[in-house]
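Below are a few exercises to work through with the model open, each with a solution you can check yourself against.

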4 protein chains.
Amino acid sequence: MRAVTFQAPGEVLVEEVPEPELVDARDAIVQIEATGVCGSDLHIYHGRVQIERGFTIGHEYVGTVIAAGEDVRDVQIGDRVLGCFQTACGSCFFCRRGWFHKCDFSRTFGHGAALGSLPGTQAERALVPNADLVLRKVPNGMSEDIALFAGDVMGTGYHAVEQSGLAPGDVAAVLGLGPVGLCAVQAARAVGAAHVIAVDSVPERLAMAESFGAEPVHLSEGDPRAAAREATDGRGVDVCIDAVGDPRALELALRLTRKCGTVQAIGVYAERCEVHMGLLWIKALNLHSGHANVIGHVDSVLEMMSAGLLDPSSLVTHHMSLDEAPEAYALYDRREALKIVLKP
Amino acid sequence: MRAVTFQAPGEVLVEEVPEPELVDARDAIVQIEATGVCGSDLHIYHGRVQIERGFTIGHEYVGTVIAAGEDVRDVQIGDRVLGCFQTACGSCFFCRRGWFHKCDFSRTFGHGAALGSLPGTQAERALVPNADLVLRKVPNGMSEDIALFAGDVMGTGYHAVEQSGLAPGDVAAVLGLGPVGLCAVQAARAVGAAHVIAVDSVPERLAMAESFGAEPVHLSEGDPRAAAREATDGRGVDVCIDAVGDPRALELALRLTRKCGTVQAIGVYAERCEVHMGLLWIKALNLHSGHANVIGHVDSVLEMMSAGLLDPSSLVTHHMSLDEAPEAYALYDRREALKIVLKP
Amino acid sequence: MRAVTFQAPGEVLVEEVPEPELVDARDAIVQIEATGVCGSDLHIYHGRVQIERGFTIGHEYVGTVIAAGEDVRDVQIGDRVLGCFQTACGSCFFCRRGWFHKCDFSRTFGHGAALGSLPGTQAERALVPNADLVLRKVPNGMSEDIALFAGDVMGTGYHAVEQSGLAPGDVAAVLGLGPVGLCAVQAARAVGAAHVIAVDSVPERLAMAESFGAEPVHLSEGDPRAAAREATDGRGVDVCIDAVGDPRALELALRLTRKCGTVQAIGVYAERCEVHMGLLWIKALNLHSGHANVIGHVDSVLEMMSAGLLDPSSLVTHHMSLDEAPEAYALYDRREALKIVLKP
Amino acid sequence: MRAVTFQAPGEVLVEEVPEPELVDARDAIVQIEATGVCGSDLHIYHGRVQIERGFTIGHEYVGTVIAAGEDVRDVQIGDRVLGCFQTACGSCFFCRRGWFHKCDFSRTFGHGAALGSLPGTQAERALVPNADLVLRKVPNGMSEDIALFAGDVMGTGYHAVEQSGLAPGDVAAVLGLGPVGLCAVQAARAVGAAHVIAVDSVPERLAMAESFGAEPVHLSEGDPRAAAREATDGRGVDVCIDAVGDPRALELALRLTRKCGTVQAIGVYAERCEVHMGLLWIKALNLHSGHANVIGHVDSVLEMMSAGLLDPSSLVTHHMSLDEAPEAYALYDRREALKIVLKP
């Protein structure tokens, strides 16, 4: 079958790869009908996340179950499904506590040997281990463009909000309006944030955040700290979501947040950096980090999408065919797209 | 000054009563500009809740601060304010834990000696003890009809949802679509309920619930249990709010709710009654009861109202003058009104 | 192999039954070394819980793994293990939320066709489905008499405390000092209850509760309500655990508990009964019910047992051989034992 | 009256100061019977926390109420009381949420104009604002040496544990065994930690931690990371309390803690420093900081002390008279004491 494979930094290829086969009684095979290109894919494309040459990439997907092991119970052959970007075992210390994202035996689609050697979903078909945990049926009437977000980007935006402890009536700030930040804006509003201050320096992204109900504030031309004070009688925001993953964003987040508030660092951090611990201490802040527990949240996200409370479809800027993957990656790399959906 | 006083079951009077005076350094006096007639007032009107003849009734109010003790800090003379229906001391065992509704020294407006001998707000002016806890400024641009709800009915609807533990994406049922039930419908949607099943037998109330985003189900002509199953793959609703306060409603709530779910009995219960404890046990349910912690929630409710996430103004069916209070009570008693606002 | 089977109300038999066999890749077979007789077994013995004639009973067990399917990962042949009294699938709606006790596909050992046709553990060997979730290794140095409690009685006592929301420094009351109530006393103290009022009418049980750090109060000769008031400046206890399962116990629990407190009804209720909903409402109480989430708590319980914070071994009043099961049941039925351990 | 005043770095004096007087109706005056010297006092003594020359210092105290404003309700003249190290207003945004430590109008005893100009308690008498929130009666039979800890050091150790989310059966690590760290060890055990790894480099402190039920591990001669792995099947500790306030302690804390665990930085941080955000992200950690909510926890702490679950009396290494304060500070500065109690 055809699949998008990593070749070298800056180079992906659509080539023939072996068909997936059921290995375990809980596996399923999904015929891919739509698969997204994500910011994480770009890390691979840039060579910052290193994977094997020729490994199939991609981890956002919607499709139809075409084969299932005998222990698969909740999805059946013929079901239209969406899936999470990683798997979980369902019974380790972390899974037993519902922390599926930190499962000791998790495997991530399309991330090479380092994350479990699970071929990606930018392909005609994909093997899905532990299908009952990883897959969900696409609710009736939900478009592929929406469903595709449940198992990754919207799951991540929702996770950021949920972990932050945002309460109804709170004021939130979201720093960084890439797809995750924009989804966090939507999620914050959907769970009752009275006010969301959305910070970025790209006008189109600010405009989209505004269309989702946020107050857009340009990072340098506006004044995020003044906006936070104004929305909160001078206290600072209740929660701040750092969807950037940069020490300057983190510093701003610590500044914007009120005493006893939470900074949710959903953006990727990989190294040591300077953090204003004095601010954390004097303001009694909570700083939470890590990637999203998508499996833990996918049911809620799907229900909210199905009810129209979350609708990320306007983030999809491009539909392309799987064969156009090289162009898609180049275009995404030039930051000309928010979300590209590939169709095999 | 003029005030509405209880005389006898079925009889209220607008008469002259003494002016309120500041007693404590934390007191304020509010010039009433709008005051509601509430279901609790009807309990007094019916003689079920017994108070002294001639006692001023009413506990929903919006107005302007015209006097304040020296320790009042957060509101000032001239501020337009709304208030909560009860006071709290702010320092007892219960207040220290944020359970202001069960404050050991709480007083309720307009409920006679049994609840603290605090004259009601259906009057030209009212004394408000512990003003910093009980009053809030009316946000700019908010109408009286909306603000009036923050300190009682919407605070109660919100409390029901908050205490139920409803999570985003959940399916809720609300039994009983009086003002509290209708506010609970709004609150449930505003905090991310994917689906709200609203049950009553009055077509107008069902229609209003539908306009708030609920699925209306007629108690007898429809099939609430089927609706709950259908919305949840047969599991039952995640939370059920009993806004009736009747054993039959409670039984239905226990039936509708899924395993490990919560029944929030916000409707008033005063006596022993038969409860299907077998259902509670086999489904591992949580049953929560009690009146609302309005002081604890008023900030969140106001923020959400101010942001347009909650808007109870359509519940106001009648505006009348304070002098028309006898007609207002008679009309409310005939169930011809959802919410009557009186203006002195 | 030999096993204890139900024959008729009041009659159990030790007879030859078929050997268990691995069916699923996640199954294990355990050579039973100790198995308890439990209050739930007595319900079967009395015919109140109806099961098939000849069905093997029992659900408390410690033993050694002698066979394991290929997908079993966390326990291996030769491991000494203890197990939970019920199984769970690990991936249904309820398991994904950690509510393993209400798993849609749960099976309970030794409870006949109604609860999943899973033969009991009062036998020489037992089949254990989904072994990674259900079994745990016996920590080094832990006696059988202690380990046996982790997967049932202590798990239940701990669950009652955990679900009640008891906070460190709280005052708790435990009504009913059977094995579950006594374990709840221990668990309450181990998590920081400052004071536990233990109520029963059997002097030996009161004495044992006292040895676990509780204040014993005789139900009729003492005054539980006075004791609750005295321990709490008159407020009432923070949480009350009803380990009886009787309307009178529930009424007492509602009386003993302070405003905004929790009544945890861990005792079995099967039917409708009169409940003082007026008390629930006026005191704003939380009433939680249902059997224990033993799988969800077994890790914590084991760690606390291993650290000596929980030690139920003094509850074991009798050790007998499996062949003596008929005498054991008769003796237990006469309430002459707290916990009987049978050894095949 | 006599009081200990700050004069210059390294110099305190016992001198005559004016008597305290009631100012507000909620004030009380306490005749001090015992007052502690605390690590925070040392920051003043060292000149790192700058206060006015001649300002009375000290903030740990036990005594007897000798005067009370008319609005003081819960303590009366003649009551033996202990108090919290800071005051709170009870009605601001933060107090309403129970975050008394971050009250917008809080004042700290003995910290000069920067923290509210509230004279300290190392004096014969002290003014206590908002006495109902700040003071508690000393439970019958509790020694001064124990009671003194409730409003500061034990309150802080308890806060660290409570905020960390430590669950019963968890494994905790405590870094830094000064008085706060040692109290955290006690608190962790008292709420059900199965295992506490206590890290320091002072043998006496390690020995004391061991006497409180911890496993002592020497920072450099031992191997904290190996100890954490060994106690947790290699996962890392569930929560780690950094009671040091140093980037190296924080780095160790991030290393010791398992995925999805919590690092509670109770030690003081005042500046920017390097933090391994990569570890926070990849392990999905929670980092909480800030000083303790002593008012919020004092009820629980007192109940646990009264029940014998917490007993910090062995931390008191010296009893001296108030007049010996200069020697006491010098001795404490030389790290020859854990806790010095002064008696006027």
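**Exercise 1: Sizing up chain A**

Task: What radius of gyration would a compact globule with 344 residues have, and what does chain A have?

Solution. Keep in mind that this is a predicted model.
- Start with the expectation: for 344 residues, a compact globule would come out near 20 Å.
- Now the value for chain A: 20 Å, so the two agree.
- Next, look at the extents: the C-alpha trace of chain A spans about 60 × 40 × 40 Å along its principal axes.
- Then burial: 63% of the 344 residues in chain A are buried.
- Finally, contacts: take those in chain A between residues at least 6 apart in sequence, and 67% of them join residues at least 24 apart.
- For the inventory, chain A has 12 helices and 16 strands.

**Exercise 2: One side of a helix**

Task: Which residues of helix H8 (residues 224-231) of chain A are buried, and why do they sit on the same side of H8(A)?

Solution. 
- Pick out the buried ones: A:Pro224, A:Ala227, A:Ala228 and A:Ala231.
- They cover an arc of only 100° around the axis, which puts them on the same side of H8(A).
- The background is simple geometry: an α-helix has 3.6 residues a turn, so residues three or four places apart point the same way.
- What do they pack against? The partners of the buried residues of H8(A) include strand E8 (171-175), strand E11 (237-242) and helix H9 (247-256) of chain A.
- Following H8(A) comes A:Asp233, with a positive phi near 55°.

**Exercise 3: Two helices crossing**

Task: At what angle do helix H5 (residues 153-164) and helix H11 (residues 294-306) of chain D pack?

Solution. 
- The angle is about 95°, and the axes of the two helices are 9 Å apart.
- Angles of 65 to 115 degrees count as roughly perpendicular, so that is how H5(D) lies to H11(D).
- On the H5(D) side, the contact residues include D:Met154, D:Tyr158 and D:Glu162, while H11(D) brings D:Val294, D:His297, D:Val298 and D:Val301.
- Sorted by class, the residues of this contact are five nonpolar, four polar and one charged.

**Exercise 4: Where chain D meets chain A**

Task: How many residues does each chain bring to the contact between chain D and chain A?

Solution. 
- Chain D gives 30 residues and chain A gives 30 residues.
- Elements of chain D that each supply at least two residues include helix H2 (93-96) and strand E13 (272-276).
- E13(D) has the largest share of the chain D side, five residues.
- By class, that side of chain D has 16 nonpolar, seven polar and seven charged residues.

Conventions: Residues are numbered from 1 along each chain as its sequence is written. Chains are lettered from A and ligands numbered from 1 in the order in which they are written. This is a predicted model: local features need pLDDT of at least 70, side-chain atom pairs count only at pLDDT 80 or more; totals for chains, interfaces and linings use all residues. A residue is buried if 20 or more other C-beta atoms lie within 10 Å of its own, exposed if 12 or fewer, and partly exposed in between; C-beta atoms are placed from the backbone. Helices (H or I, at least four residues) and strands (E, at least two) are DSSP runs, numbered from the N terminus. The arc is that of the directions from the helix axis to the C-beta atoms. Two residues are in contact if their C-beta atoms, placed from the backbone, lie within 7 Å. The radius of gyration is taken over C-alpha atoms; the globule rule is 2.2 Å times the number of residues to the power 0.38. Axes are lines fitted to C-alpha atoms, for helices over the stretch in contact, and angles run from 0 to 180 degrees between N-to-C directions. Angles under 35 degrees count as roughly parallel, over 145 as roughly antiparallel, 65 to 115 as roughly perpendicular and the rest as oblique. Ala, Val, Leu, Ile, Met, Phe, Trp, Tyr, Cys and Pro count as nonpolar, Asp, Glu, Lys and Arg as charged, and the others, Gly among them, as polar.
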